[in-house]
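This report describes one protein chain, from its overall layout to single residues. Please keep the sequence and the model in view while reading.

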Amino acid sequence: MEHAREAFPLFNDEHLHAWTGGMPASLDELTARYRRQAVGRSPDGTQGWLNWILRRDSDGLLVGTVQATLHRSPLYGPLHGPLYERLFGRLLGPLSEPFSGPYGPLRRPRLEAELAWMVGTDHQGLGYAREGALAMARWLATPGVVRLTAHIRPGHRASEGVARSLGLAATDAVSDGETVWASAAP
């Protein structure tokens, strides 16, 4: 998990956790987290995970991360099979191909993605979170993600700005003290 070793100095910063809560992870904790995330899905298959490293164009320096947790309606079961394979970039045929179940064609599952971003303190305010989150949102639209959400601590103006740039709006829902921002439901 070479990314953990590279990311550790960037994220070992108590100032970052003023908005997210908790304390910085140790190198061993960060390595274990990245190892779990690299699998690409939760152990029970109900979530898909995308974790991207954000790098500065000029020199490739790691400046942050953007993440998506993908959820699918429980009606359609865990994330695996042809749709899961397509979602994560394996070429198994055109996206227009019908999604089939054991009893014939099914309605394409509704996929939603919860986005999160974190940029190192020295790199904040330079547009990295916005650029990374927009790139991920555009990429997620290709396999059919129909709704985006983000959980933002009230008063975190920078993250609220990123959410607005994605077309998200604050909702009345609150989760762990954070306001849920969401795109319009289809």
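**Overall layout**

The model is predicted. Its chain holds six helices and eight strands, and these follow one another along the sequence as α-α-α-β-β-α-β-β-β-α-β-α-β-β. The chain has 186 residues, of which 38% count as buried. Taking contacts between residues at least 6 apart in sequence, 62% join residues at least 24 apart.

**Nonpolar cores**

The largest nonpolar core contains 27 residues, and the members that touch the most others are Leu115, Trp117, Leu140, Leu148 and Leu166. At least two residues of this core come from each of strand 1, strand 2, strand 5, helix 5, strand 6 (145–152) and helix 6 (157–165). Helix 5 gives the most, with seven residues.

What surrounds Trp117? Leaving out residues up to four places away in sequence, Trp117 touches Thr65, Val66, Ala129, Ala133, Ala150, Ile152, Ser159, Val162, Ala163 and Leu166.

**Helix 5**

Helix 5 is made of 14 residues and spans 20 Å from its first C-alpha to its last, close to the 20 Å expected at 1.5 Å a residue. Its buried residues are Tyr128, Ala129, Gly132, Ala133, Leu134, Met136, Ala137 and Leu140. In an α-helix, residues three or four places apart point the same way, because there are 3.6 residues a turn. The cover over the buried residues of helix 5 includes strand 1, strand 2, strand 5, strand 6 and helix 6.

**The second largest pocket**

Helix 5 (128–141) also takes part in the second largest pocket: along with strand 1 (47–55) and strand 2 (62–72), it supplies at least two residues of the lining. The volume of this pocket is about 210 Å³. Its lining consists of Trp52, Ile53, Leu54, Arg55, Asp57, Val63, Val66, Tyr128, Glu131, Gly132 and Ala135. Sorted by class, seven of these residues are nonpolar, one is polar and three are charged.

Val66 is among the residues touched by Trp117, and Tyr128 is among the buried residues of helix 5.

| Residue | Relative accessibility | Class |
|---|---|---|
| Asp122 | 70% | exposed |
| Asp176 | 72% | exposed |
| Thr179 | 16% | buried |

Asp122 sits in the loop between strand 5 (111–119) and helix 5. Asp122 and Val63 are separated by 59 residues in sequence, while their C-alpha atoms are 8.4 Å apart in space.

Asp176 lies in the loop between strand 7 (169–175) and strand 8. Most residues other than glycine have a negative phi. Asp176 is not a glycine, yet its phi is positive, at about 50°.

Is Thr179 buried or exposed? Thr179 counts as buried because its relative accessible area is 16%, and buried means under 20%. Thr179 belongs to strand 8 (residues 178–182). Apart from neighbours within four places in sequence, Thr179 is in contact with Ala150, His151, Ile152, Pro154, Ala170, Thr171 and Ala173. Ala150 and Ile152 are also among the residues that Trp117 touches.

How values were computed. Residues are numbered from 1 along each chain as its sequence is written. This is a predicted model: local features need pLDDT of at least 70, side-chain atom pairs count only at pLDDT 80 or more; totals for chains, interfaces and linings use all residues. Side-chain values use heavy atoms; hydrogens and water are left out. On a 1 Å grid over the protein atoms alone, a cavity is a set of points where a 1.4 Å probe fits but cannot get out, and a pocket is an open set with protein on both sides within 12 Å along at least five of seven lines; lining residues have an atom within 4 Å of a point. Grid points are joined across faces, edges and corners, and a volume is the space filled by probe spheres set on the points. Helices (H or I, at least four residues) and strands (E, at least two) are DSSP runs, numbered from the N terminus. Ala, Val, Leu, Ile, Met, Phe, Trp, Tyr, Cys and Pro count as nonpolar, Asp, Glu, Lys and Arg as charged, and the others, Gly among them, as polar. Buried means under 20% relative accessible area, exposed over 50%, partly exposed in between (1.4 Å probe, protein chains only). A nonpolar core is a set of buried Ala, Val, Leu, Ile, Met, Phe, Trp, Tyr and Cys residues joined through side-chain atoms within 4.5 Å. Contact means heavy atoms within 4.5 Å. The expected span of a helix is 1.5 Å times one less than its number of residues.
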